[in-house]
Amino acid sequence: MKTLKTIARLTLALTLIAPIGGTAAAQDKVTLLNVSYDPTRELYKEINARFAQVWKQRTGQDVEIKQSHGGSGAQARAVIDGLEADVVTLGLAYDIDEIAQRGKTLPADWQKKLPHNSTPFASTVAFVVRKGNPKGIKDWNDLIRPDVQVITANPKTSGGARWNYLGAWGYALQKNKGSEAAAREFVGKLYKNVPVLDAGARGSTTTFVERGIGDVLIAWENEALLSVKQLGPDKFDIVIPSVSILAEPPVAVNEVVAQKHGTTKVARAYLEFLYTDAAQGIAAKHYFRPTGPRSLAKYGGDFPKVPQFTIDQVFGGWAKAQKTHFADGGVFDQIYSTAGK
Amino acid sequence: MSPALPRRVAPSTPRARSVLPGVRLTLGFTVAYLLFLVIIPLSTLFVRTARLGWGGFLEAATSPRAIAAYRLSVGASVTAALVNGVFGLLVAWVLTRYRFTGKSIADALVDLPFALPTAVAGVALTTLYSQNGLIGALFAPHGIKIAFTPLGITVALTFIGLPFVVRSVQPVLETLPREIEEVAATLGADRWQTFRRVILPALTPALVAGVSLSFARAIGEYGSVVFISGNMPGRTEIAPLLIMSKLEQYDYAGATAIAVVMLLLSAVILIGAGLVQRRAAKRAA
């Protein structure tokens, strides 16, 4: 009993002291929480270290940036449910839109606050094939050939895989003079060639790479380059299609929380830092395409040129794309309800 | 002769002074514990679902995809639990009755599915049972696909459920005196009769408990199954995946609707198993 009481008192004391200690320390040290999606762990580790130096030089203040990573949707739900992110850097704008709408911790027009749709670095959707490209896969239309097995994740559970789906759809629209029916047929055929729909993008990489299933993996270019480099340049090749989608993983200050923490200024500076040459160079090293024209000229040389359409141009933004294609009963579900019969 | 059973002793009359100290304290603690960990979380489930209204609930909970998912989840979980019932009993029997080298290692291995992170189990099982995997490759030439089919899902659920049966049955088997088998034999029972009429009735309550635990574990399993299931809509989509897919769309109410159905289905099956267990316990006693 006595120990119980002691523990209770201690806990109470700690909860009372903790916030006071936090504000007192805020003068010479500040902490930011960057809630991000899965494949940016290494990237932000490097960027954070660099930003800490820059911030120290500029203000004399130490900044520690904590990172949290997970599936983009799961991270957004955590923020909505109260995870106190100062900044969010997620895989698709839809997830930040939902934070704005449900969590109300940032304004609805958050994506207008920073250049390029608040996307400091982007990627595109590319193909990974087996070494030597034995099936001769060059473009999206090769993916619907009956002899080709395609690996991609389930767009209902994976934000990243939604970009893959939309890339295929946009290609088919362009090829068929904007015919929705033709695009639907094309995407339907493509998903008939998919033997496994993993729940997340990493899962489909494992299926393709470790289990040797499928002839082509649809992936973000940065993920494709990273996995080829890590898992064997002698085993895989990367194919860039004739046209692809500009994958925009956006960033935003989670304003209400930042205000509460008194971190608005440093959070903003942190996100602006992502657009500087220094950060863009780090991003390019991690296979993300820089978005600033100057950085693109400087660091973009390594990336093959590919005409890219954006989600706003072709689909009228995420909210619309989500509703038409990925909501329950949407086009993706229809593909499977007709395929199953 | 009444073998030790994993059931509580009937409570004495409330006024009788308990031997154990602190009845009120422990009782209060238990109630609070259950309240915060089980009752409140589960009731929010119902509250969230209630926001849908009856029509919305029916629509979310009875869509063809949801029904296919319940069928798959319940079917695979029941199959896995029954398979574990048979083979878990066998394992428990071997571990208690026979002596062999490496027995303690085998005994420890049984607990591994408890300890292993389920995602690790899922990835490992998928690697082994996919068409290019060590085990999958043996079956693939015969046209049997394991990973990415309901069969693969059942394999994963069997794996995670095994310890429940073994660990429920084992202690009962250990306390079952061997003399009663000898008595049965001297009374003229053959070995099959001894097993069926003497040993099995004593084991049944524990066995049923183990099988229902194995089922309960399987029905909610997500981590290991998503890797091996392949997640094809309408074919290999388990109910927990459907819940995740609804959450990805921020459809909290729809997700809880499916969760409520799963909860009720599991409750019905577990209560049924409880009744079987009680009857078996009475008969054995």
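This is a predicted model: local features need pLDDT of at least 70, side-chain atom pairs count only at pLDDT 80 or more; totals for chains, interfaces and linings use all residues.
Local features are reported only where pLDDT is at least 70 and side-chain atom pairs only at pLDDT 80 or more, while totals for chains, interfaces and linings use all residues. Residues are numbered from 1 along each chain as its sequence is written, and chains are lettered from A in the order in which they are written.

Let's begin with chain A, which has 16 helices and twelve strands; helices here are DSSP runs of H or I with at least four residues, strands are runs of E with at least two, and both are numbered from the N terminus. Along the principal axes, its C-alpha trace spans about 70 × 50 × 40 Å. The radius of gyration of chain A is 22 Å, which agrees with the value near 20 Å that a compact globule of 341 residues would have; that rule is 2.2 Å times the number of residues to the power 0.38, with the radius taken over C-alpha atoms. Of those 341 residues, 48% are buried, meaning that 20 or more other C-beta atoms, placed from the backbone, lie within 10 Å of the residue's own.

Chain A also divides into domains, with bounds from an automatic or database domain assignment. Domain 1 covers 2-119 + 248-275, and domain 2 covers 122-246 + 307-339. Their C-alpha centres are 32 Å apart. Where they meet, 13 residues of domain 1 are in contact with twelve residues of domain 2, a contact being a pair of residues whose C-beta atoms, placed from the backbone, lie within 7 Å. On the domain 1 side, helix 3 (72-80) and helix 4 (93-103) are the elements that give two or more residues, and helix 4 gives the most, with four.

Helix 3 and helix 4 of chain A turn up again at the contact with chain B, each supplying at least two residues, as do strand 6 (197-198), helix 8 (201-209) and helix 16 (331-339). This contact takes 24 residues from chain A and 21 residues from chain B. The chain A side has eight nonpolar, seven polar and nine charged residues; Ala, Val, Leu, Ile, Met, Phe, Trp, Tyr, Cys and Pro count as nonpolar, Asp, Glu, Lys and Arg as charged, and the others, Gly among them, as polar.

Finally, chain B has 13 helices and zero strands. Its C-alpha atoms fill a box of roughly 65 × 65 × 30 Å along the principal axes. Of the 285 residues of chain B, 37% count as buried.

How values were computed
Two residues are in contact if their C-beta atoms, placed from the backbone, lie within 7 Å. A residue is buried if 20 or more other C-beta atoms lie within 10 Å of its own, exposed if 12 or fewer, and partly exposed in between; C-beta atoms are placed from the backbone.
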